[in-house]
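Let's walk through this model together, one question at a time.

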Amino acid sequence: MNVKRIGILTSGGDCPGLNAVIESVVRCANQNGIEVYGFVSGYDGLYTNEYKVLNYSNVKGIGRDGGSIIKSSNKTNLFNHRKVDENGNVTYADDSMVAVENLKKDNIDCMVIVGGDGSMTSARDFKRAGINVVCVPKTIDNDVPYTDQTFGYYTSVCQIAHAIESIRTTAYSHDRVMIVETMGRHAGWLALEGGLSGNADCIIIPEIPYDLSKIKDYLVKRYNDGHKSTVICVSEGAKPIDGEIKATINNEYPDAVKLGGIGAKLAVDIEREIKNITGQEVRSTNVGYIQRGGDCQYFDRVLSYEYAKVAVDAILSGNFGVMVSFNGHKTELVPLEKIVGNGQTGETSKGGNKNVEKDSLLLTTAKSMGIYFGD
Ligand code: F6P
């Protein structure tokens, strides 16, 4: 196929490196005489047909900046499209053909979809509808299977490590237990690597359910051993051995589960357990959206450039319906069905399912260094 024009969209929660992917896709494509349309606000842009023509002049150097110059949306599923009329009535419809027609009208030969599992599920569905797609895995959570590391993860780890380092001094000054909550959904990568590099004393991740009474014993012993302050890094998806994950359901989008709040809950639970014994107070801080923002770190910029380069190579060689991946030191093109499954068209995100393994070097290193995991 003689590719003349491609589109790109960024979809899902924003993530450092999105602009670097855009920059590299545009520069690599233009080098091969291919035009690039940047569709605005993720899949919404395909529906409204709103795009910007991207070229060297408007992308050169944007790789440093967080966010996405073409914006992102993390709710739109055109195969089950939610719309609200003037009376506030909500309807759902399959509007994917509007996007397909727009892409045909604009002569787009292939779409580069930069997103996580939900966005890649829609990409699979567009492939079924006859659109050529190539996906680049995006998420700070690093939970996309079949690839070693998603771009944006490293920058987020740096933000978390920096937050923990800042909190250590105030923990020390007040002899407190300080809790730092990270994102990560149901995978503990961010808390584990952020906690390890930021020098947390205890790390709590979804893969290892925690036992409150054992955390109490650990903190009391630590205090009696002369360590009057402790920093705990907890992942938003962590749960107690005998309880539930901390989450709220978004009523506007009933299938959207919003994780968060475990840090604040743990602070109350731990203080109740230890205050009478050690006299320590417990405070909690949520790193929140700071871990998704700021400048993209150099490592992530290059990783993003590489992902995008391989995506453009895939397009040039006619390999569609795939996700670009890095496995070991090799690049691979993984069929989308392997990443998101072969379910029904229109389904929503099931969540990434690459978790921290019990024997991973990252986890065993942290354990060997004496970091406690709350179990
Ligand atoms: O998937 C990335 C992520 O940052 C998760 O770690 C977090 O749970 C979620 O997005 C928050 O998303 P939102 O932008 O919808 O609040």
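Buried means under 20% relative accessible area, exposed means over 50%, and partly exposed lies in between, using a 1.4 Å probe and protein chains only. This is a predicted model, so local features need pLDDT of at least 70 and side-chain atom pairs count only at pLDDT 80 or more, while totals for chains, interfaces and linings use all residues. Residues are numbered from 1 along each chain as its sequence is written, and side-chain values use heavy atoms, with hydrogens and water left out.

Q: Is Gly263 buried or exposed?
A: Gly263 sits in helix H9, residues 262-278; helices (H or I, at least four residues) and strands (E, at least two) are DSSP runs numbered from the N terminus. Leaving aside neighbours within four places in sequence, Gly263 is in contact with Ile179, Glu181, Val234 and Ser284, where contact means heavy atoms within 4.5 Å. Because its relative accessibility is 0%, Gly263 counts as buried.

Q: How far apart in space are the C-alpha atoms of Gly263 and Ser235?
A: Along the sequence, Gly263 and Ser235 are 28 residues apart. From C-alpha to C-alpha, the distance between Gly263 and Ser235 is 8.2 Å.

Q: What radius of gyration does the protein chain have?
A: The protein chain holds twelve helices and 16 strands, and its C-alpha trace spans about 70 × 50 × 35 Å along the principal axes. The radius of gyration is taken over C-alpha atoms, and the globule rule is 2.2 Å times the number of residues to the power 0.38. With 375 residues, a compact globule would come out near 21 Å, which agrees with the value for the protein chain, 22 Å.

Q: What percentage of the residues in the protein chain is buried?
A: The protein chain exposes about 16300 Å², with carbon and sulfur atoms supplying 49% of it; such areas come from the Shrake-Rupley method with a 1.4 Å probe, and for residues only the protein chains shown count as cover. Among contacts with a separation of 6 or more, 73% join residues 24 or more positions apart. Of the 375 residues, the buried part is 52%.

Q: To which backbone oxygen does the side chain of Ser325 reach?
A: Ser325 belongs to strand S15, residues 322-327, and is buried, because its relative accessible area is 0%. A polar contact is a pair of N or O atoms within 3.5 Å; within protein, one must be able to donate a hydrogen and the other to accept it, and residues adjacent in sequence count only if both atoms are side-chain atoms. At 3.0 Å, the side chain of Ser325 reaches the backbone oxygen of Tyr146.

Q: Is Asn107 buried or exposed?
A: Asn107 lies in the loop between H4 and strand S7, residues 110-115. Phi of Asn107 is near 55°, a positive value in a residue other than glycine. With a relative accessible area of 53%, Asn107 is exposed.

Q: What is phi of Asn199 near?
A: The loop between helix H7 (189-198) and strand S10 (202-204) holds Asn199. Asn199 counts as partly exposed because its relative accessibility is 47%. Phi of Asn199 is positive in a residue other than glycine, near 75°.
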